[in-house]
Each structure stands twice: as structure tokens, then as C-alpha cells.
Amino acid sequence: MVLAGGRDGRFEGSAGVRDIRSGRAALADGRIRAGSVTKVVNASVVLQLAAENRLSLDSTVQELLPGLLTDDFTQPVTVRNLLNHTSGIQAGAGLNGPWEEQYAHRFDRLPVAEVVRTAVAKGPAFAPGEQQQYLNINYTLLALIVEKVTGQPFEAEATRRVLRPLRMRASYFPGDEVGIRGAHNRGYQLVDGVRVDVTRWRMTDRWAAGDLVSSPADLERLLVGVFTGKAVPRSQLEEMFTVPDIDGATMSAGLERFDLGDGMVVWGKSGARPGYNAGIAATRNLSRTVVYAVTGTTAKESGGPVAARFGIPAFG
């Protein structure tokens, strides 16, 4: 499914099947796993709290979550470092590895505390602010900070502050649920020539960094809501369009900067989970917008080429 919009009109297109057993046409707005697009929601919540002076982007993990980082972290790690992936904190435990291993453990529950403990135990990979390394652990810690500051579960705050105001009615955080609620397209993985249904999967190892269930229309609402200041107060919105001055850096708070040439700059975020791939992108003034959602036998790997084929041309 591709949604392309902007000042010059709108295009909606879909192809494929809802599931290979029935062969029914794909649902144009069926629910999908949005993967790391979740980080846009997470960043929006954090920036709202900053706008409310409930935290500062210069506040440190050491202050907000005392005792979490070991003595190996001798330099302060700020909220801003987490937002733009310059914290130096290394990846924690995850249900990764070879495909067979991932599939065998698809219903396992990986506690957030274990993900964090194993990440922190490695010590810093670099001093905060020296490099940019895109990792889920940064947004896991941001969610813990949201919970500490608000006294509420991250999912509840994200729903109250972002999903409901933007009318993202098809979107939710699945928690321990392994299935996808409501109408959805099924995801598959091609394994030794056989299509394996990977729709049912517990996403606890990704949590607030990548477990959102959404729909193409909802992702478009998120995209427009963020860029127009409805999801993030304008006093903090600039953080989402600021890339740190570090060689090779492309990530801001929740988004990524893409230079398409000829002065065309696009901001967006992609996300992938087994069987699913999704992405949102737009020029900052919303003159062009693109949302895509892909399911299929290699969706986790093929989302990028799909975006390149159908999304990038929308930006001229």
C-alpha cells in the first residue's frame, strides 16, 4: 500500500493479497506492524514533556533513572543523546540471531529490565555526543523516563498524548499479545522456498522502540500531525529536524534526514518486523508526503526497494 500526497494531489495504490490461503485482495488500510516508526510516537511524547517543563532535554539518565547506569558511564548521558542516538549505550539482549532461532523464540517474552541490564553491563561504546549509532536501546530508556516522569505506563501516555489526539484509531501497543487485532494483512517469510506465516509474533523485545501496530491511514495522520505541530509543540518541534553535527549523522529526534539531490530534503522514518515493513516521509512543508506499508515473503528486507520504486518518485 502506498499513499502519496501533498499540494499537487493525492495517489493511493495497493496490490497483492490479504493472505495466500484465500487469495483475497490485500486490505488497502489493513493493520500492520509499524516497527521503528514507533520511535516517532516515542519522541513526540518526550518532546511534549519537555515543552511542559516536566523534563529537560539536557537532563541526564543518571539524574532521571538513578542507579541504572554503571560506574563505567563516567560522562552524563542526556535525554537529547537518547533521542538522536548519540548516547554511546550499547544494544541489549534481543531475540535476534539466525532466522531459525528467531522463529523458534517468536512467542518468548523478553522483559525490558533484561534488555536494559544487558545493555548497561557492556559499558559505553563511545563518549556521549561523539558518534551516532542507531539502536533501539535509546528509545527503550526514553520510555522508562516517560514512565518515571509521568507515573504512568508508556503505552498509556503515548495513547493519550499522540494516538488519540491524532485520531489514530487503528493504532495500539500490543504488549504481550502475539496476534494483530481486527482486519489486517498477514505477513510471511520465505524459508527454503516455503512461505511461513509470521503474523503472530510477540514483540516485547522491541517495546517502545518498535512494537506499534498501525495502519497506512494512521501513519499518514502521524506524519501530518508531527510536521504541523499537532503532535509536538512548536517550541520543541525543531528537535525533530535537527541532526547532530557529527560525521555521517542523519538521525534527529525520531526522524531521519534524506538528501535526494537538487536541494530536495526529506524527513521520515521506516520500520520493519518479520513479514512487515512500513515507512513515512515528507518534505518539511508537507508539499510532498509518502506512506508505504509492505507485507510479503521478504517484507522486512524489501521495504526499502519498494519505497525507492514507489515513494521517492513522489518527491520529484
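**Figure 1. Surroundings of Leu222 in the predicted model.** Leu222 is in contact with Val37, Val40, Val41, Val162, Leu166 and Met168, leaving aside its neighbours within four places in sequence. The view, like those that follow, is taken from a predicted model. Leu222 belongs to the largest nonpolar core, which has 75 residues. Together with Leu83, Ile89, Phe227 and Met240, Leu222 is among the residues that touch the most other members of this core. Helix 6 supplies the largest share of the core, 9 residues. In soluble globular proteins, nonpolar side chains tend to be buried together.

**Figure 2. Leu219 in helix 8.** Leu219 is a residue of helix 8. Leu219 has a relative accessible area of 0% and is therefore buried. Not counting residues up to four places away in sequence, Leu219 touches Ile32, Ala34, Val37, Ser214, Ala278, Ile280 and Val291. Arg288 is 69 residues from Leu219 along the chain, and the C-alpha atoms of the two are separated by 15 Å.

Figure 3. Six strands make up an open sheet with antiparallel pairing, in the order 2-1-10-9-8-7. At the edges are strand 2 (11-13) and strand 7, each of which pairs on one side only. From one strand to the next, the twist averages 15 degrees. Helix 8 packs on the sheet and touches strand 1 (2-6), strand 8, strand 9 and strand 10 (288-295). The direction of helix 8 makes about 150 degrees with that of strand 10. In a regular strand the side chains alternate between the two faces of the sheet.

**Figure 4. The hairpin of strand 7 and strand 8.** Strand 7 (residues 256-261) and strand 8 (residues 264-273) run antiparallel and are joined by 5 bridges. Within this pair, Asp259 stands opposite Val265 of strand 8. The hairpin has 2 residues between the strands, and Asp262 takes a positive phi near 55 degrees.

Figure 5. Lys269 has Ile280 of strand 9 as its bridge partner. Ile280 is also one of the residues touched by Leu219. Between strand 8 and strand 9 there are 2 residues, and Gly275 in this turn has a positive phi of about 85 degrees.

**Figure 6. The buried side of helix 7.** In helix 7 (residues 154-163), the buried residues are Phe154, Glu157, Ala158, Arg161, Val162 and Leu163. These residues lie on the same side of helix 7, because they cover an arc of only 160 degrees around the axis. An α-helix has 3.6 residues a turn, so residues three or four places apart point the same way. The cover over the buried residues of helix 7 includes helix 1 (38-51), helix 6 (136-150) and helix 8 (216-227). Val162, one of the buried residues, is also in contact with Leu222.

Figure 7. Pro153 is placed in the loop between helix 6 and helix 7. Pro153 counts as partly exposed because its relative accessibility is 42%. The C-alpha atoms of Pro153 and Asn81 are separated by 22 Å, with the two residues 72 residues apart along the chain.

Figure 8. Asn84 sits in the loop between helix 3 (79-83) and helix 4 (99-104). Asn84 counts as buried because its relative accessibility is 8%, which is under the 20% limit. A polar contact of 2.6 Å links the side chain of Asn84 to the side chain of Thr86. Leaving aside neighbours within four places in sequence, the residues in contact with Asn84 are Gln132, Pro244, Met251 and Ser252.

Figure 9. Asp19 is in the loop between strand 2 and strand 3 (32-33). With 8% relative accessibility, Asp19 counts as buried. A polar atom of the Asp19 side chain lies 2.7 Å from the backbone nitrogen of Ser22. Not counting residues up to four places away in sequence, Asp19 touches Arg24, Arg186 and Tyr188.

Methods
Residues are numbered from 1 along each chain as its sequence is written. This is a predicted model: local features need pLDDT of at least 70, side-chain atom pairs count only at pLDDT 80 or more; totals for chains, interfaces and linings use all residues. Side-chain values use heavy atoms; hydrogens and water are left out. Helices (H or I, at least four residues) and strands (E, at least two) are DSSP runs, numbered from the N terminus. Buried means under 20% relative accessible area, exposed over 50%, partly exposed in between (1.4 Å probe, protein chains only). A polar contact is a pair of N or O atoms within 3.5 Å; within protein, one must be able to donate a hydrogen and the other to accept it, and residues adjacent in sequence count only if both atoms are side-chain atoms. Contact means heavy atoms within 4.5 Å. Two strands pair if DSSP finds at least two bridges between them. The arc is that of the directions from the helix axis to the C-beta atoms. A nonpolar core is a set of buried Ala, Val, Leu, Ile, Met, Phe, Trp, Tyr and Cys residues joined through side-chain atoms within 4.5 Å. Axes are lines fitted to C-alpha atoms, for helices over the stretch in contact, and angles run from 0 to 180 degrees between N-to-C directions.
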